[in-house]
Amino acid sequence: MNNVTNKKRAVVSYERMSEELAKAFAEKYPKGYSDYFPDIQKYDKPDGTSFYAVTIEIPDAVYLVKVNVKTDDYDDVENWLNGTDDGGDESAEGEDTLPDNDIAQYGEGEGDE
């Protein structure tokens, strides 16, 4: 785990990933991230807005890749993502989190605002 703490950390949008990061993303999510909703986490920004992202690790960095999540009803989507939706059989056991859950350590990626 000490390896992870020495890596560069950044936030980048899905549309602006580098070629290396896009390759790692495709390996982790071969059918796209929509098939892996438990991996999608919500992060709150200091300004009160939020974004959804998945964590992708490459040899020299750990990235939060911002993904677009279209929601019609915020509460329904949050319940579904957290496994508390009435129709879901899956529990939130084994849920992955960021290595230290501190989003402040992730800098903005190149060209990302």
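Which residues does asparagine 68 touch, not counting residues up to four places away in sequence? Here are some notes, starting with that one.

1. Asparagine 68 touches Glu15 and Tyr33, where contact means heavy atoms within 4.5 Å. You'll find asparagine 68 in the loop between strand 4 and helix 3. At 58% relative accessibility, asparagine 68 counts as exposed; the scale used here calls a residue buried under 20% relative accessible area, exposed over 50%, and partly exposed in between (1.4 Å probe, protein chains only). Alanine 53 is 15 residues away from asparagine 68 in sequence, with 8.3 Å from C-alpha to C-alpha.

2. A word on what you're looking at: this is a predicted model, in which local features need pLDDT of at least 70 and side-chain atom pairs count only at pLDDT 80 or more, while totals for chains, interfaces and linings use all residues. Residues are numbered from 1 along each chain as its sequence is written, and side-chain values use heavy atoms, with hydrogens and water left out.

3. Now the overall layout. The protein chain has 3 helices and 5 strands, and along the sequence they run α-β-α-β-β-β-α-β. These are DSSP runs numbered from the N terminus (helices: H or I, at least four residues; strands: E, at least two). Of the 113 residues in the chain, 31% are buried. If you take contacts between residues at least 6 apart in sequence, 63% of them join residues at least 24 apart.

4. Next, the nonpolar cores, meaning sets of buried Ala, Val, Leu, Ile, Met, Phe, Trp, Tyr and Cys residues joined through side-chain atoms within 4.5 Å. The largest has 19 residues, and Leu21, Phe25, Val54, Ile56, Tyr63 and Val65 touch the most other members. Strand 1, helix 2, strand 3 (50–58), strand 4 (61–67) and helix 3 (74–81) each give two or more residues to this core. There's also a second, separate core of 5 residues, with Val11, Tyr43, Ala53 and Leu64 among them.

5. Isoleucine 56 is worth a click. Beyond its neighbours within four places in sequence, its contacts include Leu21, Ala24, Phe25, Lys28 and Tyr29, as well as Ala61, Val62, Tyr63 and Val65.

6. How many aromatic pairs does a search of the whole structure find? It finds 3, counting rings of Phe, Tyr and Trp (its six-membered ring) with centres within 6.5 Å; planes under 30 degrees apart count as stacked, over 60 as edge-to-face and the rest as tilted. Tyrosine 14 and phenylalanine 25 have ring centres 5.2 Å apart and planes at 65°, so they are edge-to-face. That pair links distant parts of the chain, 11 residues apart: tyrosine 14 is in the loop between strand 1 (8–13) and helix 2 (19–28), and phenylalanine 25 is in helix 2. Phenylalanine 25 also pairs with tyrosine 29, this time tilted, at 5.1 Å centre to centre and 50° between the planes. Tyrosine 14 is partly exposed at 36%, whereas phenylalanine 25 and tyrosine 29 are both buried.

7. Last, the charges. The structure holds 1 salt bridge, defined as a side-chain nitrogen of Lys or Arg within 4 Å of a carboxyl oxygen of Asp or Glu. The partners are glutamate 57 and lysine 7, at 2.6 Å from N to O. They sit 50 residues apart, glutamate 57 in strand 3 and lysine 7 in the loop between helix 1 (2–5) and strand 1. Glutamate 57 counts as partly exposed at 44% relative accessibility, while lysine 7 counts as buried at 16%.
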